[in-house]
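Open your viewer and load the model. This tour tells you what to select at each stop and what you will find there.

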Amino acid sequence: MKKYRCEVCDYIYDPELGDPEAGVKPGTAFEDLPEDWVCPLCGVGKDEFVPVD
C-alpha cells in the first residue's frame, strides 16, 4: 500500500500504521479513509495529500 504526504505540513500517512487516534485501523489504505478524515497534524482534508514514491 502506498504512503501519502500532506502538502501543507509534510505529515506522512502510512497505511501500515493507520491513524489510531482518529479510529483508523492499521492496514487501512488511503483510498479507504473516510471522506471526512483530516490530517492529524494540520487538519486539512484528503485532497491536500499526494502519493509518495
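**Stop 1**

Select D14 and E16. A polar atom of the D14 side chain lies 2.9 Å from the backbone nitrogen of E16. That is a polar contact: a pair of N or O atoms within 3.5 Å, where, within protein, one must be able to donate a hydrogen and the other to accept it, and residues adjacent in sequence count only if both atoms are side-chain atoms. D14 is found in the loop between β2 and β3. With 14% relative accessibility, D14 counts as buried. Buried means under 20% relative accessible area, exposed means over 50%, and partly exposed is in between (1.4 Å probe, protein chains only).

Before you move on, note what you are looking at. This is a predicted model, in which local features need pLDDT of at least 70, side-chain atom pairs count only at pLDDT 80 or more, and totals for chains, interfaces and linings use all residues. Residues are numbered from 1 along each chain as its sequence is written, and side-chain values use heavy atoms, with hydrogens and water left out.

**Stop 2: the sheet**

Switch to a cartoon view. In which order do the 3 strands of the open sheet lie? The order is β2-β1-β3, and the pairing is antiparallel. Strands here are DSSP runs (E, at least two residues), as helices are (H or I, at least four), numbered from the N terminus. Two strands pair if DSSP finds at least two bridges between them. β2 and β3 are the edge strands, each pairing on one side only.

Now select β1, residues 4-6. β1 pairs with β3 in the antiparallel sense, over 3 bridges. Show C6: F49 in β3 stands opposite. Strands of a sheet pair through backbone hydrogen bonds, either parallel or antiparallel.

Next, select D10, in the loop between β1 and β2. Its phi is near 75°, a positive value in a residue other than glycine. Most residues other than glycine have a negative phi.

**Stop 3: the rings**

Show the aromatic side chains. How many aromatic pairs does the structure hold? There are 7. Rings of Phe, Tyr and Trp (its six-membered ring) pair if their centres lie within 6.5 Å; planes under 30 degrees apart count as stacked, over 60 as edge-to-face and the rest as tilted.

Select F30 and F49. Their ring centres are 5.5 Å apart and their planes are at 40°, so this pair is tilted. F30 lies in the loop between β2 (12-13) and β3 (49-51), while F49 is in strand β3, so the pair ties together parts 19 residues apart in sequence. F30 is buried, at 7% relative accessibility. F49 is buried too, at 7%.

The W37 and F49 rings have centres 5.3 Å apart and planes at 55°, so they are tilted. This pair also links distant parts of the chain: W37 is in the loop between β2 and β3, F49 in strand β3, 12 residues apart. Both W37 and F49 are buried.

Now widen the selection. Ring pairs link Y4, Y11, Y13, F30, W37 and F49 into a cluster.

**Stop 4: a lysine over a ring**

Keep F30 on screen and select K46. K46 lies over the face of F30, 5.4 Å from the ring centre. For a charge to sit over a ring, NZ of Lys or CZ of Arg must be within 6 Å of the ring centre and within 35 degrees of the ring normal. A polar atom of the K46 side chain also lies 3.5 Å from the backbone oxygen of F30. Is K46 buried or exposed? At 13% relative accessibility, K46 counts as buried. Its place is in the loop between β2 and β3.

**Stop 5: the core**

Select Y4, C6, Y11, Y13, V24, F30, L33, W37, C39 and F49. These 10 residues make up the largest nonpolar core. Such a core is a set of buried Ala, Val, Leu, Ile, Met, Phe, Trp, Tyr and Cys residues joined through side-chain atoms within 4.5 Å. In soluble globular proteins, nonpolar side chains tend to be buried together.

**Stop 6: the outside**

Finish with the surface on. K25 is exposed, with a relative accessible area of 64%. D36 is exposed as well, at 64%. P26 counts as exposed at 54%.
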